[in-house]
Amino acid sequence: MANYFLDNPSFRHHLHHPLMKQIVDMKERNYADKDKYDYAPVDFEDAMDSYERVLEIVGEISAEIVAPNAESVDHEGPTLHNGRVTYAAATQQNLKTVQKAGLMGIAMPRRYDGLNFPIVPYIMVAELVAQADAGFQNLWGLQDCVETLYEFGSEDQHSRFIPRVCAGETMSMDLTEPDAGSDLQAVMLKATYSEKDDCWYLNGVKRFITNGDADIHLVLARSEEGTTDGRGLSMFIYDKRDGGVDVRRIENKLGIKGSATCELVYKNARAELCGERRLGLIKYVMALMNNARLGVMSQATGISEAACREALAYAKERKQFGKAIIGFPAIYEMLALMRAKTDASRALLYETARFVDMYKAWNHISKERKLEAGERQELKFYGRLAEAFTPLGKGMTSEFANQNAYDAMQIHGGSGFMKDYACERLYRDARITNIYEGTTQLQVVAAIRYVTTGAYLEQIRRYEAGEYKPELEGLKKKLIEMTGLYEKIVASVVESKDSEYLDFHARRMVEAAAHCIFGYLLLQDANKDDLFRRSAEVYIGYARSEINKIETYIQNFDRNDLNYFQTTMLCRS
């Protein structure tokens with residue numbers, strides 16, 4: 001039987017990273033649950049074995065059920081009847097399968113019926129599902145909203161809502177509105193407190209809500225009358241059982257058609273406050289979005305993997321001029337770079353997931369006891385890395401997913417433009433990954449501070465300080481040269497002391513940082529396993545040329561060039 005986990009050794013490679021021992025030990029609190037739950041691990045090896053067994057189940061479900069259903073789901077899609085969403089028959093089969101397998105709420109503590117998985121294996125599950133069907137990954141993956149509820153909700157809310165998610169109920173995050181897309185400070189959905197009923201009522205409209213007819217919603221709403229900025233927003237929990245919210249329409253989308261993207265109308269919908277008032281955007285949505293962005297990274301990486309496989313299979317089978325097209329340099333160059341970008345995406349995905357795991361583990365422990373000085377330093381260290389790598393990873397992996405899907409279709413030629421081949425669906429599905437949960441341009445806005453403050457460079461130097469096999473020294477030397485060029489690029493822009501000039505080149509500088517980081521992560525992978533040697537060689541060669549192009553462009557660019565861009569657009573508008 002086909003199995004996406006078993007047929008890809010990359011997963012075990014990343015699952016068994018040295019940092020996982022500390023992550024799992026902290027997550028399991030010295031394996032205290034073994035005395036309460038018969039399925040809890042007794043030690044690290046037992047925990048890793050349980051992760052692998054679950055991943056093997058997910059790999060089989062993804063390959064044998066979700067992937068074969070993807071075409072019919074894409075064709076049928078969800079439908080709307082009397083304000084309620086009905087999912088495609090195959091989507092319902094997918095949901096029932098993952099619910100029966102206990103794959104909902106798997107990162108939640110066992111006391112709420114979860115599996116207490118760290119972020120790394122949870123994100124691996126998300127990637128496997130995305131490889132099969134990115135649209136279904138949205139539906140399944142929004143269970144990560146429960147992480148925000150767990151982090152900021154009350155114990156009473158934990159006990160009432162989290163077991164329901166672990167049992168299979170779905171979630172959504174209701175943030176955007178017709179006049180508030182990326183600018184969430186403009187949210188105007190009104191939250192009014194009733195002293196008589198001792199509850200909040202929500203009124204207004206939400207738009208572009210993925211899985212908008214979910215069982216449990218996290219809703220951003222304006223709780224402070226008279227405010228117009230983020231300080232007047234709070235987070236609320238809406239339970240579908242209470243009624244008051246109807247789906248007005250399902251958006252007719254380009255891709256990820258298996259998940260319903262909805263416009264919602266709130267009419268005196270009962271809700272309850274999650275956390276404290278006024279912190280909805282400032283604190284809670286930021287945490288929610290970071291979780292979601294890690295999920296999009298896994299989705300993008302899954303799409304990249306699927307695109308690689310579709311392109312490779314077709315290139316082996318398709319014959320032109322008397323031989324398989326994989327034998328033509330133009331084709332095998334594309335395939336090699338697709339594989340390198342996919343391996344690089346996965347390396348950054350799980351590096352980021354490990355940083356998030358470490359930060360969350362220390363953060364949760366800090367709520368149970370006072371941390372020692374060294375522990376507080378680790379909390380801050382991994383928190384900073386998680387904050388820095390999340391926008392970088394979301395931006396780059398989603399761009400690579402689009403590039404790989406594009407190249408997969410190109411390799412298929414005219415056939416790829418037809419719905420007979422999966423690459424056509426992958427091409428459409430990939431397009432949303434660098435738009436939602438913050439466009440690539442917004443990820444650059446979030447990431448550029450880590451360029452200018454030197455945070456990325458510090459981490460690159462840590463990678464550089466690692467010990468590598470003698471046969472990899474040539475690649476390391478290239479990376480050191482690339483890093484020097486990256487430093488030169490940043491210095492030349494920052495020294496201008498021109499904020500507009502810096503903003504104009506921000507994406508180029510962030511990409512240059514990413515190329516160095518990708519290169520070192522692949523070098524580390526190749527240092528442990530020859531499986532990644534070719535990807536490291538291909539990617540570092542590609543990255544080297546990209547950084548050279550960036551350096552040349554900026555070197556030959558001056559303030560007048562920026563004025564030309566501005567005046568051209570003003571004259572044409």
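Visitor: In strand 3 of this predicted model, which residues point the opposite way from Met171 and Met173?

Guide: Strand 3 covers residues 171–174, and all of them are buried. Met171 and Met173 point one way from the strand. The residues that point the other way are Ser172 and Asp174.

Visitor: Which residue of strand 6 stands opposite Ser172?

Guide: Strand 3 is joined to strand 6 (residues 216–222) by four bridges, and the two run parallel. Within this pair, the residue opposite Ser172 is His217.

Visitor: Which residue in the hairpin of strand 4 and strand 5 takes a positive phi?

Guide: The hairpin has four residues between the strands. A positive phi near 55° is taken there by Asp198.

Visitor: Which residue of strand 9 stands opposite Tyr201?

Guide: Strand 5 also pairs with strand 9 (residues 261–274). Eight bridges join the two strands, which run antiparallel. Opposite Tyr201 stands Arg270.

Visitor: What is the volume of the second largest pocket, and which element gives the largest share of its lining?

Guide: The second largest pocket has a volume of about 590 Å³. It is lined by 27 residues, and those closest to its centre are Arg29, Pro109, Arg111, Tyr150 and Glu368. Two or more lining residues come from each of helix 2 (20–27), helix 7 (145–152), helix 8 (155–166) and helix 10 (329–366). The largest share, four residues, comes from helix 10.

Visitor: How many residues in the lining of the second largest pocket are charged?

Guide: Sorted by class, this lining includes nine nonpolar and four polar residues. The number of charged residues is 14.

Visitor: Is Glu147 buried or exposed, and what is its relative accessibility?

Guide: Glu147 is placed in helix 7. Beyond its neighbours within four places in sequence, Glu147 is in contact with Met108, Asn291, Lys360 and His364. Glu147 counts as buried because its relative accessibility is 7%.

Visitor: How much space lies in the largest cavity, and which helix gives the most to its lining?

Guide: The structure holds three cavities of 30 Å³ or more, and the largest cavity has about 80 Å³ of space. At least two lining residues come from each of helix 11 (373–412), helix 13 (440–452) and helix 16. With five residues, the element that gives the most is helix 11.

Visitor: How many residues in the lining of the largest cavity are nonpolar?

Guide: Among the residues that line the largest cavity are Pro391, Leu392, Met396, Thr440, Arg507 and Glu511. By class, three of the lining residues are polar and three are charged. The nonpolar residues number six.

Visitor: Where is Tyr31, and is it buried or exposed?

Guide: Tyr31 is not a glycine, yet its phi is positive, near 60°. Its place is in the loop between helix 2 and helix 3 (44–76). Since its relative accessibility is 8%, Tyr31 counts as buried.

Visitor: Is Glu437 buried or exposed?

Guide: Glu437 lies in the loop between helix 12 (422–430) and helix 13. Its phi, near 55°, is a positive value in a residue other than glycine. The cut-off for buried is under 20% relative accessible area. At 18% relative accessibility, Glu437 therefore counts as buried.

Visitor: What is the radius of gyration of the chain?

Guide: The chain has 18 helices and 11 strands, and 58% of its 573 residues count as buried. Its C-alpha atoms fill a box of roughly 70 × 60 × 55 Å along the principal axes. A compact globule of 573 residues would have a radius of gyration near 25 Å, so the chain agrees with that, at 24 Å.

Definitions and conventions:
Residues numbered from 1 in each chain as written. Predicted model: local features only at pLDDT ≥ 70, side-chain atom pairs only at ≥ 80, totals over all residues. Heavy atoms only, no water. 1 Å grid on protein atoms, 1.4 Å probe; cavity = no way out; pocket = protein on both sides within 12 Å on 5 of 7 lines; lining within 4 Å. Points joined across faces, edges and corners; volume = space filled by probe spheres on them. Nonpolar A, V, L, I, M, F, W, Y, C, P; charged D, E, K, R; others polar. Buried < 20%, exposed > 50% of the residue type's maximum accessible area, 1.4 Å probe, protein only. Pairing = 2+ DSSP bridges. Contact = heavy atoms within 4.5 Å. Rg over C-alpha atoms; globule rule 2.2 N^0.38 Å.
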